[in-house]
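Hi there,

Here is the structure I promised to pass on to you. Please have a look at it, and then read on for what turned up.

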Amino acid sequence: MSSVAQPVAKPLRRRRPDATLSLGVTTGYLSVIVLIPLAALVLRSLEGGVGAFWDAVTEPQAVAALKLTFAVSFGVVLINAVFGTVIAWVLVRDSFRGKSIVNALIDLPFALPTIVAGLTLLALYGPRSPIGVNVAYSTAALVVALLFVTLPFVVRTVQPVLLELDRDMEEAAQSLGATSIQTFRRVVFPNLFPAILSGTALGFARSLGEFGAVVLISGNQPFKTEVASVYIFGQIESDNVTGAAAVSVVLLVASLGVLLAIGGVRRWATRHDL
């Protein structure tokens, strides 16, 4: 009599009590710190209804501030994507005197209060510039200020990838006759690309909402140098909190959309690594 093999039942995986507790604490903390405040902001922006929300975000001064914010932020992240990658490369692949000091300076914009950064940039590039360069109260001033506060994002996301990159692949490519440019383009860059995307996305989101570094050096001229964050501050001072919340929601949605989109592109780019 032949016996038929019976399928072995897999044991049920039970969630550990400590895992449930950790999940609850994490969800609760995120809700209190992030989700509830964001929900309150969205509700405040819709106090007057969808029509009032639309009127607030399409008001000419608001539109001009949003356009300027997005345009400058986009230009800034493109610059940082290139020079941030170059700086990360130099810090990882080259040795020179003062390297540790340069490495520490990269994180200075993270530690320095942004209003102090704005005052520093105004002193250096303002009307009384000691080096004779005056870009204050112009679009160029906005670019300089945002470059200052967003530089670390690309550097610090690319640097760990370069440190872990297998140098044997580069040596193999060069032994097969590839030039340095070809090796970087075909071997190094594909590995750096997801990290560059992540850094630029974080920098773009930071640029959209930056206030302290730009409020002094931009001049805050409506339709010229007024960015969205300064416009929002002005609306709050004018007791138009609902209008300020509406424009804030636009920035919030844009930042979240960019982060989600870049995350999707990064997962697609690294799909073969899974």
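A cut-off first: a residue counts as exposed when its relative accessible area is over 50%, as buried when that area is under 20%, and as partly exposed in between. Please also keep in mind that this is a predicted model.

Now to the charged pairs. Side chains of opposite charge can pair when their charged atoms come close. How many salt bridges does the structure hold? There are 3.

One of them joins arginine 44 to glutamate 47, with 3.1 Å between the closest N and O atoms. Glutamate 47 has a relative accessibility of 52%, so it counts as exposed. Arginine 44, at 35%, is partly exposed.

Another links aspartate 107 and arginine 156, whose closest N and O atoms are 2.9 Å apart. Aspartate 107 sits in the loop between α4 (99-106) and α5 (108-111), while arginine 156 belongs to helix α7 (residues 139-164), so this pair ties together parts that are 49 residues apart in sequence. Both partners are partly exposed: aspartate 107 has a relative accessible area of 30%, and arginine 156 comes to 23%.

Then there is the salt bridge between the side chains of arginine 206 and glutamate 210, at 2.9 Å from N to O. Is glutamate 210 buried or exposed? With a relative accessible area of 5%, glutamate 210 is buried.

Enjoy exploring, and write back with any questions!

Best wishes

Definitions and conventions. Residues are numbered from 1 along each chain as its sequence is written. This is a predicted model: local features need pLDDT of at least 70, side-chain atom pairs count only at pLDDT 80 or more; totals for chains, interfaces and linings use all residues. Side-chain values use heavy atoms; hydrogens and water are left out. A salt bridge is a side-chain nitrogen of Lys or Arg within 4 Å of a carboxyl oxygen of Asp or Glu. Buried means under 20% relative accessible area, exposed over 50%, partly exposed in between (1.4 Å probe, protein chains only). Helices (H or I, at least four residues) and strands (E, at least two) are DSSP runs, numbered from the N terminus.
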